[in-house]
Structures are given as structure tokens and as C-alpha cells.
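Dear colleague,

Please find below the structure that I promised to hand over to you. My notes on it follow directly after it.

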Amino acid sequence: MTGKARHRDIVIAGGGTAGLAAALALRKAAPDLAVTVVDIRVIGGKSGDAPGDQRASAIAAAAQRMLAALGVWTAVAAEAQPIISMEVTDSKTGDAVRPVFLTFDGSVEEGEPFAHMVPNSVLLGALARAAKAAGVEMIAPDSVDRFDVLPERVEIDLGSGGTIHARLLVAADGVRSRLRALAGIKTSSWRYPQMAIVTNVRHERPHEGVAIEHFLPAGPFAILPLTGNRSSIVWTEQVDDARRLLKSDDFVFLTELERRFGHRFGGLELDGPRQGYPLGLILARDFVQSRLALLGDAAHAIHPIAGQGLNLGFRDVAALAETVVDAYRLGLDIGAVDVLERYQTWRRFDTWQMGVTTDVLNRLFSNRNPVLRAARDIGLGLVDRMPGLKSRFIGEAAGFGGELPKLMRGEAL
Amino acid sequence: MTQATADTAATTGSTVDDAEIAKFERLASEWWDPHGKFRPLHKFNPLRIGYIKDQLCLYFGRDAKSADALKGLRILDIGCGGGLLSEPMTRLGADVTGVDPSPVNIEVAGLHARQSGLAIDYRAATAEDLAAAGESFDVVLNMEVVEHVADVEAFVGACAAMVRPGGLMVVATINRTLKALGLAIIGVEYILRWLPRGTHRFDKLVRPEELQSALEAGGLQLIDETGVAYNPLTDRWSLSPDMDVNYMVLAERPKA
């Protein structure tokens, strides 16, 4: 078996947005690095595929700068809806009028929206094409069956029977990362008694680029603008209620949705299937081991309350690519644990902080306690009156908190 | 131990201090463990490599972003130890000769290079041995060695003799100041215990002006110098104008 082993520099398990963006970033900065992506599905998806992922994601300004620096943004821009402003309300479901406690003027710099809504399938396709054009090797459908870490390399056995020897293995294989489990890396996790219902709607009147987050008693209800008169809905409910809603007929579902959505954009119609996602928080205790780095959801999956999951993943990508490329340009061993620890130090604190923040926000807002409601309304009102604090909130939402990797500042590596 | 080391090294007339070599032999197997006894060196390695590479690229007109920025340069790594510097230089394209008076270190370094698939000319020898054989290099790296030798002037002279006209020598060492005594010896060896006690002796530390005069006596001219500082809060090394503790210098042998 070892006689037939192929040699690569970096093998990335998982061809999702994080894995593909990492492969692309590494090849762009260091074209001599041999980078392979392995995935059990066709990488980047196929047009004409069955329903597929209907979700759209908020790409924060920092992540957008990275995509621009990687030459991917132009391929995504036509389908990207800028979020011009953001409103946060705190309401009971039946409230006819919802006082707006927080409004964010979204510009990060003159003319730059603080986020864009981009369909996941569009982003994935653009990343896959760019990675391929940059010389990333794609092995799919296939999987990493097992791996052995030796002092000088990692030996990777593929499901198809082949063996690859590499200097670094990146686990970008999602929330239930198999590689993380194989490596024996423990996680801290908890489940919320909530589920997110994700769907798209069409509305009569234009949204004018407003993103709305209603903090309802059962959890946040987010309306995120898509291109045209369409919006993406991320609707949090208690698990039982969510299951019922997912199974209900269109009339019931739409009626319940309208109760929460309000009539601000006129009449609504459903524009896509409903999907349900259990909510939870999983954080890996370690992000690296010798010759192994966890990336994106494999390292952390957080409550989507602030829409930060994908953006945290992109921050991982930018930090890992910069760490590896810096080490590579110094002639260091790119899989050595002390090299990878720089990435871990860079990302772990930020991730835990974000995880805890979103958890606290969720616990604070998914609540019917009137005292707590009054307290948080006063809190939000105060935030609204303090421009400095607000701009920090916008900065965090746009992904500019912490020490930013170069790619997140739009700079090349 | 001391006797055995002297036998194997067999360097009569050498300026290498036998007792200093014996200390490192005991540590040899630990070289490549980034969390082991050589953790401070692993921590410091990216900064010194960065300095060397940037200066070499500037001097020899190379592209610092290129994967083989040092291609074709003949580099001598004096006191190469387990190869922590020789291997990165080789990956960057240089033809590296690594010398260390300790045969154990050379064994460790050679084994590791083979495992890493790197071709490096390792020799259990002293700088003086190579100089006597008339070897010549584009670059001589003299990192964290001068504070361990018995006669700084003679040692630096032997190293300088191997720098070809238009070539460079890089030296890194520790200043002989009270601040260095407090930080680099008492702090690092006695309080933090990053290095075994006795790794450095205060009276062996070298002041920049002493180093400069030794380099000039060997026909080299100082062209750059920088301090190196450690920030305990971020656990990171960085270049600094403060040369009171750790510092590095760059010297050239002018073209004839």
C-alpha cells in the first residue's frame, strides 16, 4: 500500500465553502503547494441537481473582501443582495406595531454595505470553479477513511483504497467532523430546545436592502433581503412547534409566517422549500494537533442568531492560509504543531467569544419573562443612543473584531 | 562525559569549549520536539529565519515571496544542532552545509533531514576545521554560537574567512549587560526554566562592539544590526531597536 502512496503537501477533507476557500487561498498565495480536496459529494454541486441547498448566507464585509482578494467576488456579485441597513425589534408575536429599538446604518466604509446575502449554491459553485482554475486537485466522490500521523508526515487512506502522504491534513468536514472524532479531539456542545426553519419568500413591495431581526419569545425571526422582491427567512421555534410547522400545509405555514413577518412589504408568497435545522453549539476543545487543523464547522458550529457561522469559517480560512503560507515562505514544516498553534491561538479565543456571545443573546431574547424583556429593551435603547458602542456592534457584525488576517482586510498573502 | 566528547569531537587546537558541547549532547534527542526542551528555539526560529531570508533576498536581489527564494546560494550553518535552521534554508532552495562539533547532533540532524526528504551536507566538525580546509560560502550563518565559544575573536575570524567576496555573515547572540543577565539568564534559566541552568554563562556573552571588532578583524563590514525582543503577553518574538539582550548583525565581505 505505502509503495503506491501519492505525495501532496496539503489534503483538505471536505469541499464545502470553508474547504474550497482554504484550498483556493493557499494555491493563490503559494502556487507550488500541491493541494487536494476530497469530498463525498460532487464538489461545487451540479446545475440541474435536485432541490439542493436553498439557503442564502450573509457574507460580512470582511469576508467579502477576502472573496474579492481571491478573485471570486465578481462571479458572485450578480446574485448578491447588499444589506444596506439592519433593524432589530423586540416583540410579542401578536404585536401589531413593533417598536424599532435598534437601527443600524450598514455602511462600513463610504458605499460599502456591511453584508451581502448570497445563495449558498452560487458561492459554492464560484469557489469550486476558482479552486479548480487555480490548480487545486479535486478527488470526489471519495472520503478520508482513516489517517496516521507520523513525525514527518500524515498518511491518509481514502475510501476508494488509495493512500496519500501529506504534510498537513485539514478537516473541513462539517459539524459532525469524522476527522475530529478520529483524532480524538473532544468537543464542548449543547443543544438548544429550538430549531431554525429556513425558507424563501416573495413579497409585493421592495425590501430596499433592509435586514430585520425580530426577537420573538420563541427565538429570533430574521428577514434577510435577497435579489428582487425576495427575502430569506430564518425562523426559530421550539423544536415541537418547528416540526409541526415544517409538516403543515402551505396555507397554515404561510399564515403563521405572515403573523411573524408583518405586512411591511405587502402580501407574501412562498418561494422555495422549507428546511429545518436543529440548533446547537459545538466547539472543539483543540483546533489543531500535529499535522491536523480543524476548519470551519468542524472546529465550531454556533447558534445562527447573529448570522456568523459562515463568516467565522472564512475567518478560519484567512488565518489558516496566512499561517501556513507564512511558514511555507520561511521554509518551515507547514504541518508542525508549533506552526499550527499560531492558527489555533488566533482563532480559538475569537470563536469561543462569539459562541458565548450568541448563546447569551439567545438566552436573553428567547424568553417571555417581562422583567427580562424590559431590561433588554432598555439595554437596546441605550445601545441605540450610543454611537460609539453601536459602531462597535456593526464592526463585530461585519467581522472586523479581533486581529484581522490579511485576506480579511482584502490584502493578498 | 567531558572526556568522551573531547575524544569524539577530536578537535585539537579548537576554540570550542568542550564543556559547552557536552551540555548540548545531553539534549540532542529533544531537538525536534516543539514543546520539549528546545521550545524557546522553536519559538524564536520563525523570527530569525525571517530576518535572514529578508536580508538575503534584499542583498542578493531575490523575490521574498518565492518558494525557492534562496535557490543556488551556498550556505554554511555553524552550530547547526538538530538542523532547525538548516532544514528551512534547504526548503527555500539553498545548498546547505551544516556543521556541529557534536556527532550526536549531526546524527539527529541527518536522520531528521532524511525523514523530511531534504538533502543537507551535515558534518561533525568545527568552523575551524572547515576554514582550514579552505571552504568558501555565499552566506555563513552564525546563530547563537559565539556566546558558547572559548575565543570569540579567533572563532569569528575562522568563520569570516569562509565568506566569499560579496558574501554575507549573519550573527545572532546575547549582549553582556545587566539586563541580559536578568532576562536571558536569570529569567529564562532560573525563573521560567525554558533552558537548563548553565546554558549561558554571563562572562561568555558578547557585546556588539566586541563582535563588530572581531568581524572587522576578519575583513567583514557591518551592514545591519537589530535587537530582538520577547513579549511575554503575546508569547512572540519581534525585531526591536533595543540590542541590550538578544541581537543579530549582518556583515559583508566587500567585493574585491
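In which sense do strand β2 and β3 of chain B pair, and over how many bridges? Strand β2 (residues 95-100) of chain B pairs with β3(B) in the parallel sense, over four bridges, where strands are DSSP runs (E, at least two residues) numbered from the N terminus and two strands pair if DSSP finds at least two bridges between them. Within this pairing, T97(B) stands opposite D121(B) of β3(B).

Please keep in mind that this is a predicted model, in which local features need pLDDT of at least 70 and side-chain atom pairs count only at pLDDT 80 or more, while totals for chains, interfaces and linings use all residues. Residues are numbered from 1 along each chain as its sequence is written, chains are lettered from A and ligands numbered from 1 in the order in which they are written, and side-chain values use heavy atoms, with hydrogens and water left out.

The two strands belong to an open sheet of eight strands in chain B, with the order β3-β2-β1-β4-β5-β8-β6-β7 and mixed pairing. Because β3 (121-124) and β7 (236-240) of chain B stand at the edges with a single partner strand each, one side of each is left without a neighbour in the sheet.

Turning to the interface, 14 residues from chain A and 19 residues from chain B take part in the contact (heavy atoms within 4.5 Å). Across the interface of chain A and chain B, zero salt bridges are found (a side-chain nitrogen of Lys or Arg within 4 Å of a carboxyl oxygen of Asp or Glu).
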